[in-house]
There are 2 protein chains.
Amino acid sequence: MGRGKIEIKRIENSTNRQVTFSKRRNGILKKAREISVLCDAEVGVVIFSSAGKLYDFCSPKTSLSKILEKYQTNSGKILWDEKHKSLSAEIDRIKKENDTMQIELRHLKGEDLNSLQPKELIMIEEALDNGLTNLNEKLVINLLNQLISMWLML
Amino acid sequence: MGRGKIEIKRIENSTNRQVTFSKRRNGILKKAREISVLCDAEVGVVIFSSAGKLYDFCSPKTSLSKILEKYQTNSGKILWDEKHKSLSAEIDRIKKENDTMQIELRHLKGEDLNSLQPKELIMIEEALDNGLTNLNEKLVINLLNQLISMWLML
DNA sequence: TTAGCTATCTATAAATC
DNA sequence: TGATTTATAGATAGCTA
């Protein structure tokens, strides 16, 4: 439909591809709207351009969420399994990170030290010493700054 | 497009509606396929007839699941059920906990102290002192135990 | 680049089988 | 009903500004 027939294969010229995308995207979204009105159908359309921009349509009086729920019931395909797994995996990962930090924190507070090797204890002591050193530096600097401020205000 | 122009409103004659649905459904699915090939777009289409029958399309090399995941990331809209919401909520919660601990750890190591109030610095110092005290107690006990062991082995 | 403009191609409404 | 056939409305490819 247009000045010439085109073959259905990837348009190599990127400008043309973008223009065609924009036109056809509008076409599909319009058709989707029309069929949903004309035929009382529930329609959900999600389109990503190759640049990753999102366009979507969903029939009035429903929602993508509802349509997809129906899709799952109807097709038996589970859409969320993958997502589910990845979420669970992320939770596990973060929880592990959490546990590690929890333990490190407790150690730095001098708790739960019984299971540690002497070498580990030494490392913790070094960390604490280091922390104290840094902190004291900071406190000294603060104090100096305060003194200077007071001095300047005289 | 056809022998006569039609108004875009629900087709009352149920036979016509069904026929039109069938034709237009094919049209949309074809267009979806075409744009995905021509323009390298990711497309997902789900259509339910008014009778509840399901038709769908998804671009090759991806899956509805992946497209919808991307949709959510991109639009910020949440499509899935309560379980996913609760998983997402848990991730948020754990991440916050994580951040808090991260900060506390850095503080105990004497890092990122600039934004802190003197009072907070003092509290950190107390925590560090406390940790050192506990740790040293532990080290002393360990040493004693070791000595006792050696003593007993004599 | 983005927005119109047609000539042409496609989709499809109505008719026919 | 369902498939096939037109005549026409609608979509759009290639231009142009």
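This is a predicted model: local features need pLDDT of at least 70, side-chain atom pairs count only at pLDDT 80 or more; totals for chains, interfaces and linings use all residues.

Residues are numbered from 1 along each chain as its sequence is written, chains are lettered from A in the order in which they are written, and side-chain values use heavy atoms, with hydrogens and water left out.

**Exercise 1.** Work out how much area chain A and chain B bury between them.

Step 1: Buried area is the accessible area (1.4 Å probe) that two parts lose on being put together, summed over both.
Step 2: Here that comes to about 7,700 Å², with 69% of it on carbon and sulfur atoms.
Step 3: On chain A's side, A:Leu38, A:Phe48 and A:Trp80 supply 10% of the area buried against chain B, more than any other three residues.

**Exercise 2.** Count the residues in contact (heavy atoms within 4.5 Å).

Step 1: Chain A puts in 79 residues and chain B 83.

**Exercise 3.** Find the salt bridges and the strand pairing across the contact.

Step 1: Look for a side-chain nitrogen of Lys or Arg within 4 Å of a carboxyl oxygen of Asp or Glu.
Step 2: That gives eight salt bridges between the chains; one of them joins A:Lys109 to B:Glu104 (2.9 Å, N to O).
Step 3: Now the strands, which are DSSP E runs of at least two residues, numbered from the N terminus, and which pair if DSSP finds at least two bridges between them.
Step 4: E1(A) pairs with E1 of chain B (residues 42-48) in the antiparallel sense, over seven bridges.
Step 5: In that pairing, A:Phe48 sits opposite B:Glu42.

Technical notes:
Helices (H or I, at least four residues) and strands (E, at least two) are DSSP runs, numbered from the N terminus.
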